[in-house]
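Please read the points alongside the sequence and the coordinates.

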Amino acid sequence: MARVVLKDLTKCFGEVVAVNRLSLDIKDKEFVVLLGPSGSGKTTALRCIAGLETPDEGEIYIGDRLVNDLEPKDRDVAMVFQSYALYPHMTVFENLAFPLECAKVPREEIKERVQRVAELLQIRDLLDRKPKQLSGGQQQRVALGRAIIREPKVFLMDEPLSNLDAKLRVYMRAELKRLQKELGVTTIYVTHDQVEAMTMADRVAILDRGVLQQFDSPDRVYAKPSNIFVAGFIGSPPTNFFDCTLTDEGVLDAGEFKYSLPRDLVKIIKEKATSNEVVLGIRPQHVKVYRRKEKENLIKARHYTTEPLGEMVILDLKVGETLVKAIVDPEFKVEKEHWIEFPVEKIYLFDKKTGTSLL
Ligand SMILES: Nc1ncnc2c1ncn2[C@@H]1O[C@H](COP(=O)(O)OP(=O)(O)OP(=O)(O)O)[C@@H](O)[C@H]1O
Ligand SMILES: [Mg+2]
């Protein structure tokens with residue numbers, strides 16, 4: 001059992017609060033991704049769990065044991081870094097064997113375990129080579145092997161794929177996910193790449209400036225973002241946002257356009273929002289684009305530019321001076337002027353002041 005629990009974990013560097021009261025309850029065997037922009041405190045959080053940084057406040061439990069005062073080597077975790085730092089003068093075999101030799105594992109057992117890990121990672125043919133005779137992906141697999149071979153309770157990985165080229169990264173992403181499930185080792189994986197996070201994680205913990213924004217399944221952080229930051233950070237192209245005022249008639253006035261809300265949503269805003277200033281959000285994937293004013297409540301938009309992506313097209317439209325991005329099929333016939341719809345079941349509403357979702 002290696003549940004990992006963080007309680008109000010806080011770490012400061014001088015004035016900077018790198019990790020701010022971070023609480024997470026990570027289940028045994030779970031694959032959790034810490035996701036956030038550069039400087040959001042992901043590496044710092046991971047290093048605290050590994051024991052490489054001392055938190056200023058908070059508790060860290062690994063497998064129900066409080067580990068705050070334990071040395072890194074006594075925490076039963078293995079960390080894989082972005083730069084895999086293999087020992088250049090050692091062969092792949094020796095690199096893999098090294099952690100076991102340090103732990104005084106008998107020679108015969110070392111041989112067996114190296115073979116087993118090499119098999120698992122499909123690097124058996126490479127055991128006699130030196131790191132510089134390997135491709136980036138092969139080196140990365142050896143680095144993973146070196147972490148796996150100790151059979152730790154927890155894997156901690158800090159952007160382990162970011163040095164690989166795009167194609168290999170996509171391949172290794174799937175390999176790593178499969179391996180994690182096969183080994184059943186609780187894994188905390190740091191990345192700033194949302195695609196990596198969404199495709200690999202059981203749950204994603206989204207950080208901004210050291211503060212946890214949402215901890216949920218990939219589906220939920222996409223469909224039910226808890227605040228403006230998450231709605232803007234997850235998904236590509238990013239969510240369209242419009243500052244609006246809720247009028248007495250229950251209409252959202254965005255200046256360039258008005259949006260009629262159903263009564264139940266008006267009620268929710270009135271109950272939950274700190275004022276009548278709200279932010280309307282809609283993903284480009286959910287904006288419907290029409291060539292004519294086919295029905296009521298459509299918003300007039302001018303064509304601004306078109307960004308073809310092969311299987312889909314990003315249509316950049318302007319409503320007044322506001323840019324709206326919409327995804328359309330490549331077959332869609334672009335006109336100078338369009339009518340767009342934000343289907344009510346797809347919109348997000350946020351409190352402008354707090355950024356929190358109202359839905
Ligand atoms: N050793 C340090 N001394 C001083 N400040 C630090 C130190 N390590 C990190 N910081 C600061 O703490 C904040 C969080 O840094 P951290 O490295 O955890 O971010 P990150 O989310 O891993 O970013 P990236 O995606 O760029 O790796 C940043 O503002 C950073 O400048
Ligand atoms: Mg980092």
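In which sense do strand E11 and E14 pair, and over how many bridges? The points below, which concern a predicted model, begin with that pairing.

1. Strand E11, residues 240-246, pairs with E14 in the antiparallel sense, and 6 bridges join the two. Within this pairing, Asp243 stands opposite Val279 in E14.

2. Strand E14, residues 277-282, also pairs with E20, again in the antiparallel sense, over 4 bridges. Two residue pairs can be located in this contact. Leu280 stands opposite Leu349 in E20, and the bridge partner of Val278 in E20 is Asp351.

3. Is E14 mostly covered or mostly open? Of the 6 residues in E14, 5 are buried, and the strand is thus described as mostly covered. For reading side chains along such an element, a general point applies: in a regular strand the side chains alternate between the two faces of the sheet.

4. These strands belong to an open sheet of 5 strands, ordered E13-E12-E11-E14-E20, with antiparallel pairing. Strand E13 (258-260) and strand E20 (348-351) stand at the edges; each has a single partner strand, so one side of each is left without a neighbour in the sheet. From one strand to the next, the twist averages 35°.

5. The next point concerns ligand 1. Which residues are around ligand 1? They are Phe13, Val16, Ala18, Gly36, Ser38, Gly39, Ser40, Gly41, Lys42, Thr43, Thr44 and His192. Strand E2 (16-26) and helix H1 (42-50) are the elements that give two or more residues to this shell. H1 gives the most, with 3 residues.

6. By class, the shell around ligand 1 has 8 polar, 3 nonpolar and 1 charged residues. The reader may wish to compare this composition with the residues named in the previous point.

7. Why is H1 described as largely enclosed by the rest of the structure? The reason is that 8 of its 9 residues are buried. The buried residues of H1 are Lys42, Thr43, Thr44, Ala45, Leu46, Arg47, Cys48 and Ile49. Among them, Lys42, Thr43 and Thr44 are also listed around ligand 1.

8. A last point concerns the backbone that follows the helix. Just after H1, Gly51 takes a positive phi of about 95°.

Technical notes:
Residues numbered from 1 in each chain as written. Chains lettered and ligands numbered in written order. Predicted model: local features only at pLDDT ≥ 70, side-chain atom pairs only at ≥ 80, totals over all residues. Near = placed C-beta within 6 Å. Nonpolar A, V, L, I, M, F, W, Y, C, P; charged D, E, K, R; others polar. Pairing = 2+ DSSP bridges. Axes fitted to C-alpha atoms, helices over the stretch in contact; angles between N-to-C directions. Buried ≥ 20, exposed ≤ 12 C-beta atoms within 10 Å, placed from the backbone.
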